[in-house]
Amino acid sequence: MCGIVGFAGGEQAAPILLDGLERLEYRGYDSAGIAVISGDKKLQVKKSKGRLKVLRDMIQGGKSVEGTIGIGHTRWATHGEPNDVNAHPHLSGDGKIAVVHNGIIENYVELRDFLISNGYKFISDTDTEVVSQLVSFYYAECGNALEAVFRVLRRIEGAYALGILCVDEPEHFIAARKDAPLLIGYGEGSNYIASDVTAIIKHTRDVSYMEDGEVAVISADKVQFYNAMEQTIEKEHHTIDWDVSAAEKGGYAHFMLKEIMEQPEAIRKTAFSRIRDNRIVFEDMKFTAEQIKDVSRIFIIACGSSYHVGVVGKYNLERLMRKPVEVCLASEFRYSDPLVDDKTLVIVISQSGETLDTMAALREAKARGAHILSIVNVVGSSIARESDDVLYTWAGPEIAVATTKAYSTQLVLLNMLGLYFADALGTVSAAQYDEIIEELLRLPGKMEQMLENIEDIKHFASNYFNHNSVFFIGRNLDYAMGLEGSLKLKEISYIHSEAYASGELKHGTISLIEDGTLVIALGTYEPLFDKAMSNIVEVQARGADVLALTTESNVAEMKKTVENVISVPETHTILQPSLGVVPLQLFAYYVALLRGCDIDKPRNLAKSVTVE
């Protein structure tokens, strides 16, 4: 998730911008940069790939960049790989406009083509450069930076928080917001913008929060706001009364909890920009409808939680596409002499895009003629570069080792891919397609509803945190979801935990059930709810203490058998694990919290596994 900071005042801007960017490092980034207007009205842009220290050393802590007004940025790549050219700020071709941006411009390809047809040249691979060039285009027409920004905002689609400098108007800069965080800070003889209060809390605790569609013009002694109708408005001021250390995690005790809470917005970023007129659109997909029809089998290759996404995907893609799907651990696939040819589609899933086993499996499949489609979060990563097609989750950086929002965004994107392919194959009805799209659009709201009511989960965690062995049971999609719930619990709480398909209980697992054994029984998969109930009775007869998870419509039926029940809203069957996994993540978090574990950095684990 990119970080933005801006300053207008009487002091030198560069050191203040660097300090603000340093306080935004926790958000994750791959490059950083600043733009400052000097006293002699020159627009200075300094940026570099890598850690902030590279930029700081480049400009001698800010001493080599003179000026009292500027903007800064830490970038997490979404369009274009991490490098110096793609780093922000982005300049217009005439050198008059500098822009920093957090978000995604959905129609940047169309706008880029328009600008190219008008003689503009682009040097980066980013969507943001379109904004700087488009501001320049309209500024040349009207001669007023604010009016030019208004015209740009009427043209661009997507999410954005923007900071914009115009060298011809050195007394102020402009900020705009839609679906991305941006706030204004008020100082004595100075004013600020920032993605997060962390960046400016050293200088002020007096802030206003920009709302969607609003624009602000910021100078050293004044901030003027405009609403979406371009009318001047007044903004309420808020006083920040929390300390800097808490702000680094957005007020949460741990990054994991913060990232759990970010999942609704992460899903919106992943899914909504790819749905237009209620149709799934993958603009850059090279894999054609004819190639989809020719596919004889599909492999999903991944490790860890991404593998669990693949297990859900096997059920859903086979159901939607009516083609055989095999999900494989990357570390096993490469040594299994896999049956892969040019009629094989291999879907590779990785958060980092650098997992060594997954990379090796990709290369093995590619060498045998498969078409490689990857789902990754990190733009420009090795897996992304070596794939024939790549779909980015756009989840932003995930700092906690135990994945939450990366899992959820991968899952949503894989389901969308299955539906997209099924539509091309004609294996899904129009009514079913529309129903899934409708429920997909409702998914973040339903998730937010759940996240507002978590007291029961905290209570159950306090009841069960002292267990040393836990079993998750479920059928079909519930079994697939249970694999992830079990992993979350074991990796951060250090409790032995296993997930089993309920139908396998009699084939050995049930011998481990004894008085007091905690069994987390999953019953969200509606077609097999009655069978799930039978399995619950089975383990209860052996003395198990059961905690059940089911949908809201089945709570009453579940409570006839189980005392402790967690409920989730209903959605379309293939999307149900996206809701069901959230209470399992929260349960694992609160159990680990009560056990005093290092939640964000559990022992022996790394965020990205880059060794075999």
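Let me begin with a definition: a disulfide is counted here as a pair of cysteine sulfur atoms within 2.5 Å. Before I apply it, please keep in mind that this is a predicted model, in which local features need pLDDT of at least 70 and side-chain atom pairs count only at pLDDT 80 or more, while totals for chains, interfaces and linings use all residues. Residues are numbered from 1 along each chain as its sequence is written, and side-chain values use heavy atoms, with hydrogens and water left out.

With that criterion, a search of the whole structure returns 0 disulfides. Cys142, for instance, is in no disulfide, and the nearest cysteine sulfur, that of Cys166, is 9.6 Å away. Cys303 is likewise in no disulfide, the nearest cysteine sulfur being that of Cys328, at 11 Å. On accessibility, I call a residue buried under 20% relative accessible area, exposed over 50%, and partly exposed in between, using a 1.4 Å probe and protein chains only. Cys142 has a relative accessible area of 26% and is therefore partly exposed, and Cys303, at 24%, is also partly exposed.

As for the overall layout, the domain assignment, which is automatic or taken from a database, gives domain 1 (3–241), domain 2 (254–451) and domain 3 (453–598). The C-alpha centres of domain 1 and domain 3 lie 46 Å apart.

Now to the rings. Rings of Phe, Tyr and Trp (its six-membered ring) pair if their centres lie within 6.5 Å, and planes under 30 degrees apart count as stacked, over 60 as edge-to-face and the rest as tilted. The structure holds 11 aromatic pairs by this rule. One of them joins Phe7 and Tyr192, which are 5.4 Å apart centre to centre with 50 degrees between the planes, a tilted arrangement. Helices (H or I, at least four residues) and strands (E, at least two) are DSSP runs numbered from the N terminus, and in those terms Phe7 sits in strand E1 (residues 3–8) and Tyr192 in strand E10 (residues 191–194), 185 residues apart, so that the pair links distant parts of the chain. Both Phe7 and Tyr192 are buried.

Phe471 and Tyr500 form another tilted pair, because their ring centres are 6.1 Å apart and their planes meet at 35 degrees. Here Phe471 is buried, with a relative accessible area of 4%, whereas Tyr500 is partly exposed at 25%. Elsewhere, ring pairs link Phe114, Tyr120, Phe137 and Tyr138 into a cluster.

Finally, the charges. A salt bridge here is a side-chain nitrogen of Lys or Arg within 4 Å of a carboxyl oxygen of Asp or Glu, and the structure holds 33 of them. Glu22 forms one with Arg56, the closest N and O atoms being 3.0 Å apart, and this pair connects helix H1 (residues 13–23) with helix H2 (residues 52–58) across 34 residues. Arg151 and Glu147, by contrast, meet at 2.9 Å, N to O, and they are separated by about one helical turn because they lie 4 residues apart in helix H5 (residues 145–155).
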